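Here's a quick tour for someone meeting this structure for the first time. Have a look at the chain, then read on.

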Amino acid sequence: MKITILNQTFTLHPYGALFWHEKSCLFISDVHLGKVSHFRKFGAAVPKQAVHQNYVMLDKVIQTFQPFEICFLGDLFHSSLNKEWLIFENWVAKTPAKITLITGNHDIIAPEKFEALHIELHEEILTEGFLLTHHPEEKEGHYNFCGHIHPAVKLKGFGRQHLKLPCFYKTDKQLILPAFGEFTGTYVLTPQPEDEVFVLADQQVIKV
């Protein structure tokens, strides 16, 4: 699904990525790499294949758009270094796009580790009237792309049925991206009448 913001064109992808056509830039938020390994280390019964699913999804969305740049909007890694870092290093080595990371609250790995992979780190980026951050923020005269919230909404069905779905959450000043990673969880938001919600369901992006 395509939308227009500040006369720029963006595609919302069913995996939760956002592609900026004019800049050939792919935005991805809250992948939380290493989270599965982190929880397995402490005895949680999380299947190993969940580790690789994030990379399968990343490769598919990159193949779809073939971006010049990938900008991660924070929480790329869930916690401290673990064995998944080697998988990440190998993935970066075979990914031709420039990679930028807007650091989030979970990104506690030493900056030198990212810089050794030629990944640029920023607390925020201002570009073409857009403010790129991890936490939702406001800056006069700029439209904010962010993550952190892991937004979702509840939809009512027949009877007492409720369905919780991750979503892109859009206001007049901000677009909050859904969490890209598997095994991340969601936070339910209550849309206001002027807000726009695009849910991810059945490999589709659907405006509700």
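The chain holds four helices and 16 strands; these are DSSP runs, helices being H or I with at least four residues and strands E with at least two, numbered from the N terminus. Keep in mind that this is a predicted model, where local features need pLDDT of at least 70 and side-chain atom pairs count only at pLDDT 80 or more, while totals for chains, interfaces and linings use all residues. Residues are numbered from 1 along each chain as its sequence is written, and side-chain values use heavy atoms, with hydrogens and water left out.

**The chain overall**
- Of the 208 residues, 50% are buried, meaning under 20% relative accessible area with a 1.4 Å probe, protein chains only.

**Nonpolar cores**
- A nonpolar core is a set of buried Ala, Val, Leu, Ile, Met, Phe, Trp, Tyr and Cys residues joined through side-chain atoms within 4.5 Å.
- The largest one has 29 residues, and Ile28, Val61, Phe72, Leu76, Phe88, Trp91 and Phe180 touch the most other members.
- H2 gives the most to this core, with six residues.
- There's also a second, separate core of 22 residues, including Ile5, Trp20, Tyr143 and Leu175.

**A closer look at Thr133**
- You'll find Thr133 in the loop between strand S9 (130-132) and strand S10 (143-146).
- Thr133 counts as buried because its relative accessibility is 1%.
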